[in-house]
Amino acid sequence: MFLNSRVKMMFLVAFLLTLQSHVPALDACPKCGNMLVPYPLSTSDNCGNPMYRIYCNNGALEFLSAQGLYYRILSINPSAYKLVIRPPLIGKDTCYSSDLAVGGLGLDENLPFNISVRNTVMLFNCSDNILLSPLNCSSTSYCRQYEEIEEGSGCKGTLCCHYLKDASMTSHRIRIRVGGCTAYTSVVDIKPVDPVDKWNYGIELQWMPPN
């Protein structure tokens, strides 16, 4: 009977070790530069949850788009399951966003990230077809204020519009193209009373918490 109990115990230990080997790592990843990497975000196979992969490149946290471009992560709010990435640069001589060649920002729909509904997206250098859309392309559009600062000066005088990235739109794409609109930027949680130099520039992404 003692032998049977010992054999059972050995089987139990082996079973528990097998279970443990299939449980994803629960430890948070180490800091990247001066930024914390809270769970479930992961910068390697040895920490976090690999479904929530971000990248630590030269001491800076970055998010990889579906098109293979890296976007700098500006902030992370783990309690709200959100992070903010830097919008692409806009060429001052061309009014082209730096990600125009790949059609703008796209997220992998198989991953647990999407674009939140707190982003006000501004489009620049648009074709006249944009006027058929419900976007705000009037003289009071936020994009007109952005044109007046240095970062947006390359798009001054172009047809521009803005819209709130709401739930009725795709939550995985901000699309630009030659023949449509060639540049964009985004502001998180914009307030009508805020001056342009107080805007929180960024693209807020949110993630679904792991089960």
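Predicted model: local features only at pLDDT ≥ 70, side-chain atom pairs only at ≥ 80, totals over all residues.
Disulfides to begin with. The structure holds six. Number the bonded cysteines in sequence order, and the pairing reads 1-3, 2-4, 5-9, 6-12, 7-11, 8-10. I will take three of these links in turn.

Start with Cys29 and Cys47. Their sulfurs sit 2.0 Å apart in a disulfide. The torsion about the S-S bond is 100°, and the link is right-handed. What does this pair tie together? Cys29 belongs to strand 1, residues 29-32, while Cys47 is in the loop between strand 2 (35-37) and strand 3, so the link connects parts 18 residues apart in sequence. Are these two cysteines buried or exposed? Cys29 and Cys47 are both buried.

Next, Cys95 and Cys155. Again a disulfide, with 2.0 Å between the sulfur atoms. The S-S torsion is about 105°, so this one is right-handed. Here loop is tied to loop. Cys95 is in the loop between strand 6 (82-85) and strand 7 (104-106), and Cys155 is in the loop between helix 2 (142-146) and strand 10 (161-164), so parts 60 residues apart in sequence are joined. Cys95 and Cys155 are both buried.

Third, Cys126 and Cys181. S to S is 2.1 Å. The link is right-handed, with 115° about the S-S bond. Cys126 lies in the loop between strand 9 (119-124) and helix 2, and Cys181 in the loop between strand 11 (173-175) and strand 12 (183-188), so the bond bridges 55 residues of sequence. Both Cys126 and Cys181 are buried.

Six strands form an open sheet in the order 3-4-5-6-13-8, and the pairing is antiparallel. Which strands stand at the edges? Strand 3 (55-57) and strand 8 (113-115) do; each has a single partner strand, so one side of each has no neighbour in the sheet. Neighbouring strands are turned by 45° against each other on average, direction ignored. Look at the strand 8 edge. Strand 8 pairs with strand 13, residues 203-207, in the antiparallel sense over three bridges. Ile115 stands opposite Leu205 of strand 13.

Last, the second largest pocket. How much space lies in it? About 220 Å³. The lining includes Arg86, Pro87, Pro88, Leu89, Ile90 and Lys92. Tyr146, Ile149 and Glu151 also line this pocket, as do Tyr184, Thr185 and Tyr201. By type, the lining residues divide into eight nonpolar, one polar and three charged.

That is the tour. Questions are welcome.

Technical notes:
Residues numbered from 1 in each chain as written. Heavy atoms only, no water. 1 Å grid on protein atoms, 1.4 Å probe; cavity = no way out; pocket = protein on both sides within 12 Å on 5 of 7 lines; lining within 4 Å. Points joined across faces, edges and corners; volume = space filled by probe spheres on them. Nonpolar A, V, L, I, M, F, W, Y, C, P; charged D, E, K, R; others polar. Pairing = 2+ DSSP bridges. Helix = DSSP H or I, 4+ residues; strand = E, 2+ residues; numbered from the N terminus. Axes fitted to C-alpha atoms, helices over the stretch in contact; angles between N-to-C directions. Disulfide = S-S within 2.5 Å. Buried < 20%, exposed > 50% of the residue type's maximum accessible area, 1.4 Å probe, protein only.
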